[in-house]
Amino acid sequence: MSKTLAEKIWADHVVRSAQGEPDLIYIDLHLIHEVTSAQAFDGLRLAQRQVRRPDLTIATEDHNTPTLNINLPIADPVSKLQVDTLRQNCAEFGVRIHSLGDAEQGIVHVVGPQLGLTQPGMTIVCGDSHTSTHGAFGALAFGIGTSEVEHVLATQTLPLVRPKTMAINVDGVLPDGVTAKDVILAIIAKIGTGGGQGYVIEYRGSAIRALSMEGRMTICNMSIEAGARAGLIAPDEKTFEYVRTKPHAPQGADWDAALAYWKTLTTDEDAKFDVEIFIKAEELAPFVTWGTNPGQGLPLSASVPNPADIADLEERGAAERALSYMGLEAGLPLRSIKVDTIFLGSCTNGRIEDLRAAADILKGRKKADSVRMLVVPGSARVRLQAEQEGLDKVFIDFGAEWRNAGCSMCLGMNPDQLAVGERSASTSNRNFEGRQGKGGRTHLVSPLVAAATAIRGTLSSPADL
Amino acid sequence: MDKFVTHTGTAIPLRRSNVDTDQIIPAVYLKRVTKSGFEDGLFAAWRNDPEFVLNQPQYKDATILVAGADFGTGSSREHAVWALQNYGFKAVISSRFADIFRGNSLKGGLLTVILPQESVEKIWAAIEAEPTTAVTVDLEARSVRLGSEVYPFELDDYTRWRLMEGLDDIGLTLKNIDSVTAYENARPSFKPKTLPARS
């Protein structure tokens, strides 16, 4: 029977299937960080269980680590306790860890691909909802809770109900200045934050094929913002070439066998998706959010919507609450919104290509006096690469702060936070109330819009410069 | 895990949709390494508002949360489930839950009940008119009852059985560990390993 890509990967990982029970699915790679693993290791210890496959497990420190003075002990005692607990757990159970200060430390979803541990056709999980990022390689990758982390540590499997499949086709050529981030923000605005619930999304079409691996990771990363636990893109020559040069790429005969398998990882031509959505690339524009969920977004050329124009009562109420929280008036052009802080980073847009794209615009310019800008590379490796290319100097000359790697202001668990009422243009993935700091107001944007906004002080695209 | 067969208590109306897990428990409250004590972070930002429903004395002892659509979106943090349980909630009712939150809740023994939005509206009206209304969430019968009103809900047989028996998922999987070993023996050699480390 013909299958979609997600169904093929699923079928290749079924350990056990029984009528009326979830399938038992094998997990090829388990990524771990300090915030969602402590209780799982504790559970193992209480039950006197071991980590079944330390050789399929890897840990890094990212969620609450500082991005300044990383050579000093972590100042926040509770953050320090979590990081120390992770280090002890990894030592006790024999799990590889990349700690603060290590060249391979960084955001878990940046580290996996750059080490070449993320490969096509794999099942990948992590106690973090943005695990969907790895779907860019044609892997089935999704976030799990701490109970599931414990389950994977103990058994290297998860009991799962097979999700439905959704195709999102983006065909055509993206206009200048429109990036992967704009594509995914437009998709979420179209299908809503619950539109992908219960589905694995496969992103298809010529505009998706034309994206770099970094761009594909940005798209898959935010699948969860549309409610889908996983999103993926069929692997192609770009994918194979990206993996080929990475440290953990298969070698010799293994490479040939892997490549032969990876080339089978496409949706069969006559396979049926449960839902299909079509988007024309030419109709997309730089996109920004105005509200407090990632579905509340519009093209930058639009104005803040009037809740009274929204027919659905629930949505109208949500829009009213969002505008009140965001301190915005209906009808205000989005381009006239002044921001205080620019955050360039995160697992959505903290890779080398994102830093290059922003630096390209900032080069030789000065930031608006009224803003501060934080540049936080997604990993220590990305930071080193950027420094080799001289990007750090571009950012520093521009007036931005050049930080160390981590999740940072995306979720404000470390000291990088917005103050009450402070407004950001952020390349991260969530504009929830208080996400970047209590009372902080977030506009989600692409790296290009972040850079142009840092120059002008109001939400802007490079075309406005 | 405690068995869940049936629970009767009072209910609290949370008339908001798209309640994400950053609202259920903000990231700054996630820094414990245990599964207890997270009740202080539950809806922390909203609880600063004296008008917020959790601050209203008539709902102080509620054990069932009745929320708007798309409850539990966003971050995978299981702390959201622990915070609700630590605070005293046994069940959450909504017309739609985010996938990861739903999975976490049913693994941890917090029963998430899906009812049509019109039933949620009726329950909201009833518990706002009379906050002491006894609400029963009956997993055995798969229904929610308020007085003479009965709202049936669906939950697959396997999950229902697991919750009613209070069974641990890991224990169930370990009974089939031979099939995991057999699968591992047949895995292709090109699949990557994290050890020994290469960089």
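In chain B, 71% of the contacts between residues at least 6 apart in sequence join residues at least 24 apart; a contact here means C-beta atoms, placed from the backbone, within 7 Å. This is a predicted model, so local features need pLDDT of at least 70 and side-chain atom pairs count only at pLDDT 80 or more, while totals for chains, interfaces and linings use all residues. Residues are numbered from 1 along each chain as its sequence is written, and chains are lettered from A and ligands numbered from 1 in the order in which they are written.

**Chain B overall**
- Chain B has 8 helices and 8 strands, where helices (H or I, at least four residues) and strands (E, at least two) are DSSP runs numbered from the N terminus.
- Its C-alpha trace spans about 65 × 40 × 25 Å along the principal axes.
- Of the 199 residues in chain B, 42% count as buried. Buried takes 20 or more other C-beta atoms within 10 Å of the residue's own, exposed is 12 or fewer, and partly exposed is in between, with C-beta atoms placed from the backbone.

**Where the chains meet**
- On the A side 69 residues are in contact with 53 residues of chain B.
- Helix 5 (residues 146-155) of chain A gives the most to that side, with 7 residues.
- By class, the side of chain A that touches chain B has 24 nonpolar, 29 polar and 16 charged residues. Nonpolar covers Ala, Val, Leu, Ile, Met, Phe, Trp, Tyr, Cys and Pro, charged covers Asp, Glu, Lys and Arg, and the others, Gly among them, are polar.

**The nonpolar core**
- The largest nonpolar core has 188 residues, and I64(B), V66(B), L84(B) and I93(B) have the most contacts inside it. Such a core is a set of buried Ala, Val, Leu, Ile, Met, Phe, Trp, Tyr and Cys residues joined through C-beta atoms within 7 Å.
- Helix 6 (residues 180-191) of chain A gives the most to this core, with 8 residues.
- Leaving out residues up to four places away in sequence, I93(B) touches I64(B), V66(B), V113(B), L115(B), V120(B), I123(B) and V144(B).

**V137(B)**
- You'll find V137(B) in strand 6 (residues 135-138) of chain B.
- V137(B) is buried because 25 other C-beta atoms lie within 10 Å.
- Among the residues V137(B) touches, not counting those up to four places away in sequence, are T6(B), H7(B), I64(B) and A91(B).

**Helices 3 and 4 of chain B**
- Helix 3 (residues 79-87) and helix 4 (residues 99-108) of chain B pack at about 50°, with axes 9 Å apart. Axes are lines fitted to C-alpha atoms, for helices over the stretch in contact, and angles run from 0 to 180 degrees between N-to-C directions.
- These two helices of chain B are therefore oblique to each other: under 35 degrees is roughly parallel, over 145 roughly antiparallel, 65 to 115 roughly perpendicular, and the rest oblique.
- A80(B), V81(B) and Q85(B) in helix 3 meet F101(B), N104(B), S105(B) and G108(B) in helix 4.
- That contact has 3 nonpolar, 4 polar and no charged residues.

**Helices 13 and 15 of chain A**
- The axes of helix 13 (residues 352-362) and helix 15 (residues 391-398) of chain A come within 10 Å and cross at roughly 45°, which makes helix 13 oblique to helix 15.
- L355(A), R356(A), A359(A) and L362(A) in helix 13 meet L391(A), V394(A), F395(A) and F398(A) in helix 15.
- The residues of this contact split into 7 nonpolar, no polar and 1 charged.
- Buried residues of helix 13 of chain A include I352(A), D354(A) and L355(A).

Note on methods. Two residues are in contact if their C-beta atoms, placed from the backbone, lie within 7 Å.
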